[in-house]
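Subject: Structure handover

Hi,

Here is the structure I promised you. My notes on what turned up follow below it.

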Amino acid sequence: MAKSAKSPQTELPHRAFGWAATDTSGTLSPFHFSRRENGADDVTVQILFCGVCHSDLHTVKNDWGFTTYPVVPGHEIVGVVTKVGNNVKYFKAGDKVGVGVIVESCKECECCQQDLENYCPRPVFTYNSPYYDGTRTQGGYSNIVVVNQRYVLRFPDNLPLDAGAPLLCAGITVYSPMKYYGMTEPGKHLGVAGLGGLGHVAIKIGKAFGLKVTVISGSPNKEAEAVDTLGADSFVLSSDPAKMKAAMGTMDYIIDTISAVHSLSPLLGLLKLNGKLITVGLPSKPLEVPIFQIAAGRKLVGGSNFGGIKETQEMLDFCGKHNITANIELIKMDQINTAMERLGKGDVKYRFVIDVANSFSSL
């Protein structure tokens, strides 16, 4: 006789609670599920805060076409260690730690051997991913998570946990390409296209590297915020042809954080000879690449995923040294659907973070 499938609440030994989306409406609601027991190489984390990433919104609505429901989103997790396995050497109960976009990889491929687990051909993402035991991962919109020690990050003591949480995705997503593509030379000119969750962190990291930073946005009301609040050196209104023309050929690098479908041609026009345009915004449809414009200026169009664990720790330490955090709006878990709706409209400055501990404190 065939064995009946276990429910998410009972398939693993450790009871957990969170909020999940169950269909393409993307509406989240309370959800009981389970986590694995803490193994010899595992760290159990009581989740205190979790950032709300644009990827979460894409996933709950199945914009990318590979969501499996029910899904508990969240990969900007900060919390406190409650238990460690016998083989765990670098973490102990009470440590403040982070968990980012990835929670497992094959550990054997060339990418894993080079500390580039994010490019492993067999990654296990923090949510909406099949785990090696046949279950599916669920993310940080929940009270607890169990993670292999390799994928746990030490959180700098001087950074606030709530405002630091978005660094685990937004921070590394802009830090990694800036390092890899050599976009860190002091005095060079960095353009940041899009002023949202990624863009506002890119300004801060760019300034910490000693770059001149210009924000490129189609929203005129973002100029004062970009320059006066976030510390950008200048602002270019992309919807104003005269302003764009005046800025042509002035930038060494552009990091494109725009998540909507958009033209790359205006951005390429802002670059100097040998300029670099790196896209990290992940629109849901392909972008056109203007080859003649690239060839005529010997320009480079590149992309970047988030970052490996070693580099993510490097980024956290860098942000700790320079006191870089995200600008956040702290919410309770029961406000998440309104927050998702606002995120879809770009109505947040600049990252929602869920106060998980206080949302679930009565459990």
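Start with Ala247. Ala247 sits in the loop between α7 (241-246) and β13. Helices here are DSSP runs of H or I with at least four residues, strands are runs of E with at least two, and both are numbered from the N terminus. Ala247 counts as buried because its relative accessibility is 8%. Buried means under 20% relative accessible area, exposed over 50%, and partly exposed in between (1.4 Å probe, protein chains only). Leaving aside residues up to four places away in sequence, Ala247 touches Val236 and Leu270. Contact means heavy atoms within 4.5 Å. Val192 is 55 residues from Ala247 in sequence, and their C-alpha atoms are 13 Å apart in space.

Ground rules before the rest. This is a predicted model, so local features need pLDDT of at least 70 and side-chain atom pairs count only at pLDDT 80 or more, while totals for chains, interfaces and linings use all residues. Residues are numbered from 1 along each chain as its sequence is written, and side-chain values use heavy atoms, with hydrogens and water left out.

Annotation

The unreviewed UniProt entry annotates residues 26-354 as "domain: Enoyl reductase (ER)". Positions are in the numbering used here, feature names are shortened, and annotations may be inferred rather than shown by experiment. Over residues 26-354 the chain is 26% helix and 26% strand. The end C-alpha atoms of that stretch are 17 Å apart.

Helix α4

Helix α4 spans residues 170-180, and nine of its eleven residues are buried. Among them are Ile172, Val174, Tyr175 and Met178. The cover over the buried residues includes β10 (189-193), α5 (197-208), β13 (251-256), β14 (271-279), α10 (309-321) and β17 (351-355). Just after α4, Gly182 has a positive phi of about 70 degrees.

How do α4 and α10 cross? Their axes come within 10 Å and cross at roughly 100 degrees. That makes α4 roughly perpendicular to α10. Axes are lines fitted to C-alpha atoms, for helices over the stretch in contact, with angles from 0 to 180 degrees between N-to-C directions. Angles under 35 degrees count as roughly parallel, over 145 as roughly antiparallel, 65 to 115 as roughly perpendicular, and the rest as oblique. On the α4 side, Gly171, Ile172, Tyr175, Ser176 and Lys179 take part. They meet Glu311, Thr312, Glu314, Met315 and Phe318 of α10.

Aromatic rings

There are nine aromatic pairs in the structure. Rings of Phe, Tyr and Trp (its six-membered ring) pair if their centres lie within 6.5 Å; planes under 30 degrees apart count as stacked, over 60 as edge-to-face, and the rest as tilted. Phe31 and Phe33 are stacked, at 5.6 Å centre to centre and 10 degrees between the planes. Both Phe31 and Phe33 are buried. Ring pairs also link Tyr175, Phe209 and Phe318 into a cluster.

Backbone points to check

Most residues other than glycine have a negative phi, and most peptide bonds are trans. Here are the exceptions I noted.

- Tyr69 to Pro70 is a cis peptide bond, with omega near -5 degrees. Pro70 is in the loop between α1 (54-60) and β4 (77-84).
- Lys349 to Tyr350 is also cis, with omega about -10 degrees. Tyr350 is in the loop between α11 (336-344) and β17.
- Asn274 has a positive phi of about 70 degrees. Asn274 belongs to strand β14 and, at 35% relative accessibility, counts as partly exposed.
- Leu282 has a positive phi near 55 degrees. Leu282 lies in the loop between β14 and α9 (291-296).

Best wishes
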